[in-house]
Amino acid sequence: MLEARGLACERGGRVLFRGLDLALAPGGAALVTGPNGAGKSSLLRVLAGLLPASAGTVAWTGRGEADFHYVGHADAVKPALSVSENLAFWVRLAGRGSAAAGLEAVGLTTLADLPARLLSAGQRRRLGLARLFAAPAPLWLLDEPTGGLDDAATDAVEHGLKAHIASGGAAVIATHIPLGIEPAHRIDLGAAVS
Amino acid sequence: MRTFLAVLRRDLALAGRQGGESGLALLFFVLGAVLFPLGLGSDPGPLAGAGSGLLWVVALLAALLSLERLFRADWEDGALDLLAARPEPLATVVLAKCAAHWLATGLPMTVVSALLGSMLAVPGERLGLLVLSFLAGTPALTLIGAAAAALTLGARLGGVLTAILVLPLYIPVLIFGAAAAEGRDGAFALLAALTLATLALAPAVASAALRHAVEQ
């Protein structure tokens with residue numbers, strides 16, 4: 001589904017990683033770990049096509065190239081729009097799925113009509129993650145998905161992730177916590193650099 | 001097309017919801033134009049013949065006001081990353097955002113230009129030309145401004161830099177816009193040609209600049 005070969009990334013003259021290979025089959029997950037600044041976010045941005053790799057290639061096989069969700073540090077939430085309007089925009093862009101299903105999955109249904117500027121940081125994060133469940137895509141690229149979430153929301157994300165993988169989806173996750181899944185690959189960027 | 005409509009709809013909702021820059025730009029346009037008759041006194045002499053040119057100058061300055069946040073909000077909150085990660089060309093997003101920006105600023109300015117023109121002693125038979133010149137010229141203000149706003153996205157002092165970058169680029173629009181409003185031969189055709197040229201060029205420039213900002 002996703003195949004990366006010989007990936008290397010440099011930021012500001014510093015080599016974050018090089019010679020990184022990753023092949024994900026449907027139902028596979030890769031856990032990216034490493035200390036702060038090791039290049040976890042950069043790796044995900046390279047995979048999402050948001051950062052040019054200094055060497056190597058990223059290829060999707062099978063489905064359409066952009067059938068993935070990228071969840072970065074920013075939640076892309078518009079404070080002036082309501083919670084459901086925020087999500088409805090991404091659903092409309094994807095051309096499939098439903099905002100209600102996404103809100104349901106992250107437990108924001110009761111806040112659907114609230115202006116997003118009133119959300120707490122954790123609730124905004126949940127709204128950002130709701131895109132995953134509103135418009136399904138075969139590949140998820142998640143950068144610290146559970147940062148700032150409470151236990152219930154973390155459980156919901158874990159649950160959703162397991163269901164996604166069980167149904168043949170793939171995921172690359174940068175995280176510090178185990179997330180209760182058995183990843184097919186572990187990429188420790190801290191070790192790769194030193 | 002789906003992307004275009006989705007972004008257009010969201011940006012119009014945002015413009016209506018916040019009132020924000022687009023509302024301010026229109027207000028600035030009206031207030032700026034009202035200042036001239038107040039400053040020059042009740043005698044129409046000094047204003048005669050200068051009204052449409054003055055209005056075009058105020059329109060340029062008002063357009064500047066609304067450019068700062070055009071891409072910056074999306075860039076800061078991460079929405080630009082998500083849009084850039086999608087398969088559709090980023091130029092589609094730029095065009096949709098420009099269309100929303102023009103509908104929220106250029107179009108209302110065009111509508112009130114007739115009223116402001118008569119206040120600035122533009123002769124009645126020229127008011128139609130004035131409105132037409134605004135209709136043909138204000139899209140170019142949005143498009144040129146979008147390219148400049150995208151180019152200055154990563155820079156500190158982005159807002160000031162946008163103004164300095166954009167005002168010289170606005171000069172041709174000002175010249176042909178004011179000339180078209182006075183009914184000079186060929187000016188309207190040149191103004192329309194200018195707008196069409198920016199329609200072809202600006203989205204490509206802006207999307208390349210946005211891509212660069214995302215990859216920082």
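Helix 4 of chain A and helix 5 of chain A are roughly parallel to each other (angles under 35 degrees count as roughly parallel, over 145 as roughly antiparallel, 65 to 115 as roughly perpendicular and the rest as oblique). The model is predicted: local features need pLDDT of at least 70 and side-chain atom pairs count only at pLDDT 80 or more, while totals for chains, interfaces and linings use all residues. Residues are numbered from 1 along each chain as its sequence is written, and chains are lettered from A and ligands numbered from 1 in the order in which they are written.

**Helices 4 and 5 of chain A**

- Helix 4 covers residues 121-134 and helix 5 covers residues 151-166 of chain A; helices (H or I, at least four residues) and strands (E, at least two) are DSSP runs, numbered from the N terminus.
- The two axes come within 11 Å and cross at roughly 15°, the axes being lines fitted to C-alpha atoms, for helices over the stretch in contact, with angles from 0 to 180 degrees between N-to-C directions.
- This crossing of helix 4 and helix 5 of chain A is left-handed (the near helix is turned anticlockwise from the far one by less than a right angle; right-handed if clockwise).
- From helix 4 of chain A, A:Gly122, A:Arg126, A:Leu129, A:Leu132 and A:Phe133 meet A:Ala153, A:Val157 and A:Gly160 of helix 5 of chain A; a contact requires C-beta atoms, placed from the backbone, within 7 Å.
- The residues of this helix 4 to helix 5 contact in chain A comprise 5 nonpolar, 2 polar and 1 charged (nonpolar: Ala, Val, Leu, Ile, Met, Phe, Trp, Tyr, Cys and Pro; charged: Asp, Glu, Lys and Arg; polar: the others, Gly among them).

**Helices 6 and 7 of chain B**

- Helix 6 of chain B (residues 90-119) packs on helix 7 of chain B at an angle of about 150°, with the axes 8 Å apart.
- Helix 6 and helix 7 of chain B are therefore roughly antiparallel to each other, and helix 6 passes helix 7 in a right-handed crossing.
- The residues of this contact in chain B divide into 14 nonpolar, 8 polar and 1 charged.
- B:Leu135 is placed in helix 7 (residues 127-151) of chain B and counts as partly exposed, with 18 C-beta neighbours inside 10 Å; buried means 20 or more other C-beta atoms within 10 Å, exposed 12 or fewer, and partly exposed in between, with C-beta atoms placed from the backbone.
- B:Leu135 and B:Gly177, 42 residues apart in sequence, have their C-alpha atoms 9.7 Å apart.
- B:Thr105 of helix 6 of chain B is buried, with 28 other C-beta atoms within 10 Å.
- Apart from neighbours within four places in sequence, B:Thr105 is in contact with B:Ser22, B:Ala25, B:Leu26, B:Ala63 and B:Ser66.
- The C-alpha atoms of B:Thr105 and B:Ala206 are separated by 19 Å, the two residues being 101 places apart along the chain.

**Contact between the chains**

- Chain A supplies 21 residues to the contact and chain B supplies 19 residues.
- On the side of chain A that touches chain B, helix 2 (residues 83-94) of chain A provides the largest share, 4 residues.
- By class, this side of chain A has 13 nonpolar, 3 polar and 5 charged residues.

**Nonpolar core**

- The largest nonpolar core has 138 residues; such a core is a set of buried Ala, Val, Leu, Ile, Met, Phe, Trp, Tyr and Cys residues joined through C-beta atoms within 7 Å.
- Helix 7 of chain B gives the most to this core, namely 14 residues.
- The residues with the most contacts inside the core are A:Leu87, A:Ala130, A:Leu141, B:Ala146, B:Ala150 and B:Leu210.
- B:Ala150 touches B:Phe71, B:Ala206, B:Ala209 and B:Leu210, not counting residues up to four places away in sequence.

**Loop residues**

- A:Glu144, in the loop between strand 6 (139-143) and helix 5 of chain A, has phi near 45°, a positive value in a residue other than glycine.
- A:Glu144 counts as partly exposed, with 19 C-beta neighbours inside 10 Å.
- B:Ala121, in the loop between helix 6 and helix 7 of chain B, likewise is a residue other than glycine with positive phi, near 65°, and is buried, with 20 other C-beta atoms within 10 Å.
- A:Ala184 lies in the loop between strand 7 (170-174) and strand 8 (185-188) of chain A and counts as partly exposed, with 15 C-beta neighbours inside 10 Å.
- Leaving aside neighbours within four places in sequence, A:Ala184 is in contact with A:Gly28, A:Ala29 and A:Ala30.
- A:Ala184 and A:Leu31 are 153 residues apart along the chain, with their C-alpha atoms separated by 8.2 Å.

Terms used. Contact = placed C-beta atoms within 7 Å.
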